[in-house]
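Please look over the sequence and the 3D structure below. A short report follows.

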Amino acid sequence: MSNISSNLKYLRKKKSHTQQQFADAMGIKRSLIGAYEEDRAEPKYDLLKKIAEYFELTIDEFINETINEDWKPKPKSQGSNLRILSISVDKDDKENIEMVPVKASAGYLNGFSDPEYIKDLPKFQLPLPFLKQGTFRAFEIVGDSMLPIQPGSVIVAEYMDNWNDVKPGETYIVISRNEGVVYKRAGNRFKENKELKLISDNRMYDPYTVASDDILEIWKAKAYISTSLPDPTPEPSIETLSTMMAQMQKSISQLNKN
């Protein structure tokens, strides 16, 4: 559960703002501030970002930290708050999921921070609960380095504004100047002035590293869309059944010894 309601109330009062004064600063109705502080509603992403910036916080700090008189901000690194992300919204002011097809991948390296470029990308919405909070983008992948996920699949990923949250073993879309758009598994945590190790699920491909200052964006994979449906599970062979029986006998023997 987020700490938005308690943090907003504490930070507003610390600045000696009434709800009306803070609502005016945000350009919204006072009743919305009351709803947020009473935990009856949560602000949309654009407003969330605006509030966090107003209090000189990251969105992660504003949502997840318990901010009170004892709270101290963590030292900011380059991996945190690298830049403001360009996004697009629909007619109801909901964030779109922009689609970066393979043919647009090269252009994305130059246009990822250009609102006009982002506006022209294909876009869509997905009514899924885990996509309600955050900023998401979809990337079409090529090659067989991440099998069994097939080439041509689309990875739906969440924008990471704090690269220190990268976790080894989890999968990410990593945008870098030299490698372009790649979908890989992280081999280590992100550290300033260090390299990020990227691992393919297909062991035919060797792991490699990308320098931290070469990275432009990191997106955490949340789901994928594919038109390649899995093949049926093959019927077990005599060899497979024999192996299974041997393993069962070994397990039973071990249980008897215990």
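In which sense do strand S5 (residues 171-176) and S9 pair, and over how many bridges? They pair in the antiparallel sense, over 5 bridges. Strands here are DSSP runs (E, at least two residues) and helices are DSSP runs too (H or I, at least four), numbered from the N terminus. Two strands pair if DSSP finds at least two bridges between them.

This is a predicted model, in which local features need pLDDT of at least 70, side-chain atom pairs count only at pLDDT 80 or more, and totals for chains, interfaces and linings use all residues. Residues are numbered from 1 along each chain as its sequence is written, and side-chain values use heavy atoms, with hydrogens and water left out.

**The whole chain**

The protein chain holds 8 helices and 9 strands. Its radius of gyration is 23 Å, well over the 18 Å that the globule rule gives for 258 residues, so the chain is more spread out than a compact globule. That radius is taken over C-alpha atoms, and the rule is 2.2 Å times the number of residues to the power 0.38. The C-alpha trace spans about 75 × 55 × 40 Å along its principal axes.

Buried residues make up 38% of the 258 residues. Buried means under 20% relative accessible area, exposed over 50%, and partly exposed in between (1.4 Å probe, protein chains only). The accessible surface comes to about 15700 Å², by the Shrake-Rupley method with a 1.4 Å probe. Carbon and sulfur atoms account for 53% of that surface.

Contact means heavy atoms within 4.5 Å. Of the contacts between residues at least 6 apart in sequence, 61% join residues at least 24 apart.

**The sheet**

The 9 strands form an open sheet with mixed pairing, in the order S2-S1-S3-S4-S9-S5-S6-S7-S8. Strand S2 (123-124) and strand S8 (208-211) stand at the edges, each with a single partner strand, so one side of each has no neighbour in the sheet. Strands of a sheet pair through backbone hydrogen bonds, either parallel or antiparallel.

| Strand | Partner | Bridges |
|---|---|---|
| S1 (residues 97-100) | S2 | 2 bridges |
| S4 (residues 154-159) | S9 (residues 215-225) | 6 bridges |
| S5 (residues 171-176) | S9 | 5 bridges |

Some residue partners can be named. Glu98 has Lys123 in S2 as its bridge partner. Tyr159 is bridged to Trp219 in S9. Tyr172 stands opposite Lys220, also in S9.

**The helices**

Which residues of helix H4 (residues 45-54) are buried? They are Tyr45, Leu47, Leu48, Lys49, Ile51 and Ala52. The buried residues of H4 pack against helix H1 (4-14), helix H2 (19-26), helix H3 (30-37) and helix H5 (59-64). Glu56 follows H4, and its phi is positive, near 60°.

Helix H1 includes Ser5. Is Ser5 buried or exposed? Ser5 is buried, with a relative accessible area of 15%. Not counting residues up to four places away in sequence, Ser5 touches Tyr36, Glu37 and Asp39.

Tyr10 also lies in H1. Tyr10 is partly exposed, at a relative accessible area of 24%. With residues up to four places away left out, Tyr10 touches Ile67, Asn68 and Glu69. The C-alpha atoms of Tyr10 and Thr66 are separated by 10 Å, with the two residues 56 apart along the chain.
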